[in-house]
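Please look over the structure shown here before reading on. The briefing is written for a reader who is meeting it now.

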Amino acid sequence: MTDTMTKPAPINHWLGGKLTPGTSGRSAKVFNPATGEVQGLVDLASRAEVDAAVSAATQTARSWRTVPLSRRAEIMFRFRALLDARRDDLARILTREHGKVHADALGEIARGIENVDFACGIPNLLKGGYSEGASTGVDVYSIQQPLGVVAGITPFNFPAMVPLWMIANALACGNAFILKPSEKDPSASLFIAELLQQAGLPDGVFTVIHGDKEAVDALLEHPDIAAVSFVGSTPIARYIYQKGTEHGKRVQALGGAKNHMLVLPDADVNMAADAAVSAAYGSAGERCMAISVVLAVGDVGDGLVDAIASRLPALKVGPGSDAANEMGPLISREHRDRVAGYIGSAADQGATVVVDGRAQTFDGNGFFLGVSLLDHVTPEMDAYRDEIFGPVLCVVRVPTYEAGLKLINDNEFGNGTAIFTRDGGAARQFQFDCQVGMVGINVPIPVPVAYYSFGGWKASLFGDTHMYGPDGIKFYTRTKVITSRWPDPATSRVDLGFPQNR
């Protein structure tokens with residue numbers, strides 16, 4: 001076999017409406033997590049390449065903002081139709097580079113399409129207000145205008161959905177958008193770029209620039225980037241927020257999570273067990289809304305742990321290309337080993353390893369890890385304190401509702417949480433008491449629908465607005481208020497007094 005046949009395919013930038021090879025001389029390997037094989041080499045942009053991309057986007061932003069709302073909506077409708085028609089193709093890209101099973105990939109795309117649905121209503125979403133006769137002969141009205149050039153920095157775990165959280169609203173509002181996707185699975189962003197072009201988006205309005213920290217810093221520091229959206233870990237979110245705001249940008253940075261599911265003694269144990277398994281191990285636990293801690297209240301613990309454990313042997317773990325599998329590999333060998341380390345440390349610190357995912361074996365060199373269940377976990381353990389981001393579920397026994405609530409509210413993260421109970425009063429009190437941004441009542445993964453907004457509290461969010469939905473429109477526009485008078489010239493005079501509304 002020749003070197004040419006085995007050389008990984010290049011993954012280029014998307015600039016000016018076409019694939020453009022990088023010029024930095026740097027690249028990163030893109031793996032197939034199911035096989036461990038290198039399948040691509042993604043270009044890593046230099047600061048100079050980022051500067052050039054921003055300069056080009058600045059030029060196109062001036063013309064894009066003048067495109068009528070009806071035309072922008074038409075492009076969003078066409079883009080939505082193309083996404084719907086090509087969702088299987090996009091799902092295969094996700095499976096190949098991220099590793100998630102096809103059904104999970106389709107679910108991600110479906111949630112992304114919901115955000116495009118919302119953006120299709122942009123003519124209504126950008127309606128301003130108007131007050132006739134606010135003063136004698138004076139009308140006052142407000143309009144929402146785009147920011148100019150905005151950027152998105154997105155994570156590996158949802159390479160299609162999270163960009164769509166940002167792209168649809170930002171473009172519909174009249175901004176030019178620069179996407180810096182994860183270098184671990186970058187090809188979905190290029191597929192999206194091609195669909196936007198086919199939908200009629202003018203070349204240069206949407207840009208994909210691949211890269212690492214050098215590219216990120218260049219975006220955060222560039223004076224022509226007006227706003228930055230980010231989803232990722234809390235340390236990086238904090239960095240993005242601090243550096244971006246230091247350079248005068250509007251920033252929304254979504255960070256990590258440690259999501260708790262509080263199970264009261266009156267809950268349906270089988271329903272709670274089904275929910276815990278689904279929410280903990282779906283997408284191999286690599287999602288910021290995964291349930292990673294079950295708080296078992298009172299005497300529900302033994303039955304709940306048994307019910308969860310009994311469901312795990314039936315889970316099918318393997319390559320996402322096999323439709324029979326329910327969970328795929330983790331994103332990288334290093335991440336798999338890190339997640340596995342928490343199982344050992346939990347045992348060393350006194351937890352009970354009910355199911356050990358390290359014991360499951362897999363053919364080949366993929367980055368697989370079986371599902372794990374840890375019981376009798378305490379808040380002092382590493383497995384409880386850290387965001388594991390893998391298929392590991394911790395069970396913490398608590399004596400009362402109040403004790404469980406305290407653990408939730410004391411946690412540094414406040415992304416998502418859930419309560420399972422038959423008691424409506426307890427559920428209502430929980431939604432009032434918990435210091436968390438997204439709450440599920442007998443719903444384990446309470447991701448808001450696209451016409452609400454997504455975001456946590458505390459160290460799970462840096463910035464003043466949540467992602468997508470109404471907050472997304474607010475984030476990607478700024479309000480201008482106009483006070484207008486068309487008087488009879490004969491009534492004009494000089495008045496140095498303070499303006500009066502009368």
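Predicted model: local features only at pLDDT ≥ 70, side-chain atom pairs only at ≥ 80, totals over all residues.

Residues are numbered from 1 along each chain as its sequence is written, and side-chain values use heavy atoms, with hydrogens and water left out.

**The chain as a whole**

- The chain has 17 helices and 23 strands, where helices (H or I, at least four residues) and strands (E, at least two) are DSSP runs numbered from the N terminus.
- Its radius of gyration, taken over C-alpha atoms, is 25 Å, close to the 23 Å that the globule rule (2.2 Å times the number of residues to the power 0.38) gives for 502 residues, so the chain is as compact as a globular protein of that length.
- Taken along the principal axes, the box filled by the C-alpha atoms of the chain is roughly 85 × 70 × 40 Å.
- Of the 502 residues in the chain, 55% are buried, where buried means under 20% relative accessible area, exposed over 50% and partly exposed in between, with a 1.4 Å probe and protein chains only.
- Among contacts in the chain with a separation of 6 or more, 71% join residues 24 or more positions apart, contact meaning heavy atoms within 4.5 Å.

**The annotated region**

- An unreviewed UniProt entry carries the annotation "domain: Aldehyde dehydrogenase" for residues 23-482, and such annotations may be inferred rather than shown by experiment.
- Over residues 23-482 the chain is 40% helix and 22% strand, with 46 Å between the end C-alpha atoms.

**Helices α3 and α7**

- The axes of helix α3 (residues 69-85) and helix α7 (residues 161-172) come within 9 Å and cross at roughly 155°, the axes being lines fitted to C-alpha atoms over the stretch in contact and the angles running from 0 to 180 degrees between N-to-C directions.
- That crossing makes α3 roughly antiparallel to α7, since angles over 145 degrees count as roughly antiparallel, under 35 as roughly parallel, 65 to 115 as roughly perpendicular and the rest as oblique.
- Arg72, Met76, Phe79 and Leu83 of α3 make the contact with Leu164, Ala168, Leu171 and Ala172 of α7.

**Two single residues**

- His260 lies in strand β13 (residues 259-263), and at 1% relative accessibility His260 counts as buried.
- Leaving aside neighbours within four places in sequence, His260 is in contact with residues including Ile291, Tyr384 and Asn411.
- Gly36 is found in the loop between β4 (27-32) and β5 (37-43).
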